[in-house]
Amino acid sequence: MGDQADALRTMMEEDKKPQKESQTRIITVTSGKGGVGKTNISTNLAIGYARLGKKVVLMDADLGLANVNVVLGIIPKYNLYHLIRRQHSLSEILMQTSYGIQIIAGASGFSKIANLSHDERKSVINEMAQLADTDLIIIDTGAGVSYNVISFVAAADISIVVTTPEPTAITDAYGILKIITTEFRDIKESPKILVNRVRSASEGTMVANRIINISNQFLNTKVDYLGYVYEDEIVRQAVTRQKPFMELNPKSKASACVYHIVNRLENRADIHKGGGINNFFSRLFRVSTLDQSIDTKTK
């Protein structure tokens, strides 16, 4: 415990040192359960931002079942594991795509960020600092309420919780919101709800309002409704063909919804006030070190 505390104090002192300023915004996309389309949302949001002329990196942080590369039909040579273990540099694992975005492939089977040594954490922060000129990093987290997932969410500038109209998905979305808002009082802003696979706009609003009202009543916390994405056959076709649906049919109902969500995020007055790369990763590692107890609380 003494070694861990000393390492944490050292990290916090290093956070105070002057570093290259970065206004990069970090958006995490998460969900309370699997199968709600979280990775599809992450990938197509990244492409939507790129089409606005933004420099975007999509990072697959599902450290158990990474599949951003599967959705994109890409076979990565190296992934986040190789960076964390200092086997390859960021420039070696960062992949260019034909969709106007760069990706950092996930590390399937590697799920314990909190187990990294101080030197490994410091190395990750130093490598990621190379992305300081990136406008936006979208992080596709794992599903559920493990401390790995919650750490990414708590450290981000904006967190988006994806759900569907299914009762189990709604319950699990509330569950992850409960963990986020009760365990971390210093999150940067209210979590956002995105309702996927809706049959109508009113269904999306109804689902979001249910979650928002319950969160306000029982958690005394504010949750924002970000928008919805229609149930659309083009999404199923895109998954089968391993292409983003915004590429397969940019004029589809699902694509139009993603454009609307991106525009809603961009039209905020404080949108350019990103916390930056160094701040994000320092917060990420600090949270994952101090809050491993979340796993036991949610089992």
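Which residues of α9 are buried? In α9, the buried residues are Glu-203, Gly-204, Val-207, Ala-208, Ile-211, Ile-212, Ser-215 and Leu-219. Buried stands for under 20% relative accessible area and exposed for over 50%, with partly exposed in between (1.4 Å probe, protein chains only).

## Basis and overview

This is a predicted model, in which local features need pLDDT of at least 70 and side-chain atom pairs count only at pLDDT 80 or more, while totals for chains, interfaces and linings use all residues. Residues are numbered from 1 along each chain as its sequence is written, and side-chain values use heavy atoms, with hydrogens and water left out.

The protein chain has 14 helices and 8 strands. Helices (H or I, at least four residues) and strands (E, at least two) are DSSP runs, numbered from the N terminus. Of the 299 residues in the protein chain, 56% are buried. Among contacts (heavy atoms within 4.5 Å) with a separation of 6 or more, 80% are between residues 24 or more positions apart.

## The sheet

The 8 strands of an open sheet follow the order β3-β4-β2-β5-β1-β6-β7-β8, and the pairing is mixed. Two strands count as paired if DSSP finds at least two bridges between them. At the edges are β3 (94–96) and β8 (224–230), each of which pairs on one side only. From one strand to the next, the twist averages 25 degrees.

Strand β5 is parallel to β1, and 6 bridges join the two; Thr-28 has Ile-139 of β5 as its bridge partner. β2 also pairs with β5 in the parallel sense, over 6 bridges, and Val-57 stands opposite Ile-137 in β5. Of the 8 residues of β5, 7 are buried, so this strand is largely enclosed by the rest of the structure. β2 (residues 56–61) and β4 (residues 102–104) are parallel as well, with 3 bridges, and Leu-58 is partnered by Ile-103 in β4.

## Helices across the sheet

Helix α2 (residues 38–50) lies across β1 (25–31), β2, β5 (136–143), β6 (158–163), β7 (192–198) and β8, and runs at about 175 degrees to β5. Helix α7 (residues 147–155) lies across β1, β2, β5 and β6, at about 155 degrees to β5. Axes are lines fitted to C-alpha atoms, for helices over the stretch in contact, and angles run from 0 to 180 degrees between N-to-C directions.

## Helix α9

Exposed Ser-202 and Gln-217 are on the face turned away from the buried side of α9. After α9 comes Asn-220, with a positive phi near 55 degrees.

## Nonpolar cores

A nonpolar core is a set of buried Ala, Val, Leu, Ile, Met, Phe, Trp, Tyr and Cys residues joined through side-chain atoms within 4.5 Å. The largest has 38 residues, of which Ile-27, Leu-45, Ile-101, Ile-138 and Ile-160 touch the most other members. A second, separate core of 28 residues includes Ile-26, Met-59, Leu-63 and Ile-125.

Leaving aside residues up to four places away in sequence, Ile-27 touches Tyr-49, Leu-136, Ile-137, Ile-138, Ile-139, Ile-158, Ile-160 and Leu-265.
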